[in-house]
Amino acid sequence: PNTLSERPTESQYGYIFCYKMSDATASFEWGEPPSGSGGYGNLYRAQYRTLSSPSFTGWRKLATATTPQEFDLPLADGVLAPAKYCKTQFGMVWVYINVLKPDDGTFSNGEQIGTLPAGFRPRYTIYTPAVVCATGGGVREIGEIAIFYDGRVMFYCPPNATATNLIRGIA
C-alpha cells in the first residue's frame, strides 16, 4: 500500500488511531478487533510524512497473536451453557459466561455457576461485573461474578434483584 486509504492487505476489518507527531508527520495504528473467542488481532503501524517521498510509509506488522483454543466451562447442575474459557499465548485467561436456568428458574445469590479447571485459575479471587436479566427478559441489573483461586465460579446478584435467569459476563 502506498496511500493511507488502503488498509493492511492481510486485514479484513479493524480500527485506526491517528497521532500527530509534528506539523509534518502523523503516525497511524491499525488494529484488528479481538475474535469472538478472545484472541487478539494483528497490529500494524504506518507514518505519513509531508517532507518525504513517498509520503506514506506503508503498513508494517508489529504484533501477531494466535487465537487460543476454547473449552466449555464445566457448569454446575441445572445451569445451561454457553460458557467458555481459554488462555491466550500471553498466559491471560478469559472466561465467557452467558448462562441461564431452564424453565424460568432463578439463580440464588452466591450460587456456583461452574468450575474453572486447574491451570486456568487465578492466583487470587477476581470479581467482574455481570449483566443479570430478570425472568421473561425484564429489567437488566448489574450483578457480579467471582472466580476463586480454587476454580469456583460464583454469581452474586444485586440486593434488589428477585428473579434472574440470565447472566452475561467476561472475566
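User: How many helices and how many strands are in the protein chain?
Analyst: This is a predicted model. Reading along the sequence, the pattern is β-β-β-β-β-β-β-β-β-β-β-β. The protein chain therefore counts as having 0 helices and 12 strands, because helices and strands are taken from DSSP runs.

User: What share of the residues of the protein chain count as buried?
Analyst: A residue is buried when its relative accessible area is under 20%. The protein chain has 171 residues. Of these, the buried share is 36%.

User: Is S27 buried or exposed?
Analyst: S27 sits in strand β2, residues 25–31. Its relative accessibility is 5%. Buried means under 20%. So S27 counts as buried.

User: Is C18 buried or exposed?
Analyst: C18 belongs to strand β1, residues 15–20. Its relative accessible area is 52%. The cut-off for exposed is over 50%. So C18 is exposed.

User: Which residues is C18 in contact with, leaving aside its neighbours within four places in sequence?
Analyst: Contact means heavy atoms within 4.5 Å. S27, for its part, has C18 among its contacts, along with others including F17 and Y19. Beyond its sequence neighbours, C18 is in contact with A26, S27 and F28.

User: How far apart in space are C18 and W30, C-alpha to C-alpha?
Analyst: In sequence, C18 and W30 are 12 residues apart. In space, C-alpha to C-alpha, the distance is 9.1 Å.

User: What percentage of the accessible surface of the protein chain belongs to carbon and sulfur atoms?
Analyst: The accessible surface comes to about 9900 Å². The part belonging to carbon and sulfur atoms is 54%.

Conventions. Residues numbered from 1 in each chain as written. Predicted model: local features only at pLDDT ≥ 70, side-chain atom pairs only at ≥ 80, totals over all residues. Heavy atoms only, no water. Helix = DSSP H or I, 4+ residues; strand = E, 2+ residues; numbered from the N terminus. Buried < 20%, exposed > 50% of the residue type's maximum accessible area, 1.4 Å probe, protein only. Areas by Shrake-Rupley, 256 points an atom, 1.4 Å probe, with all protein chains shown as cover.
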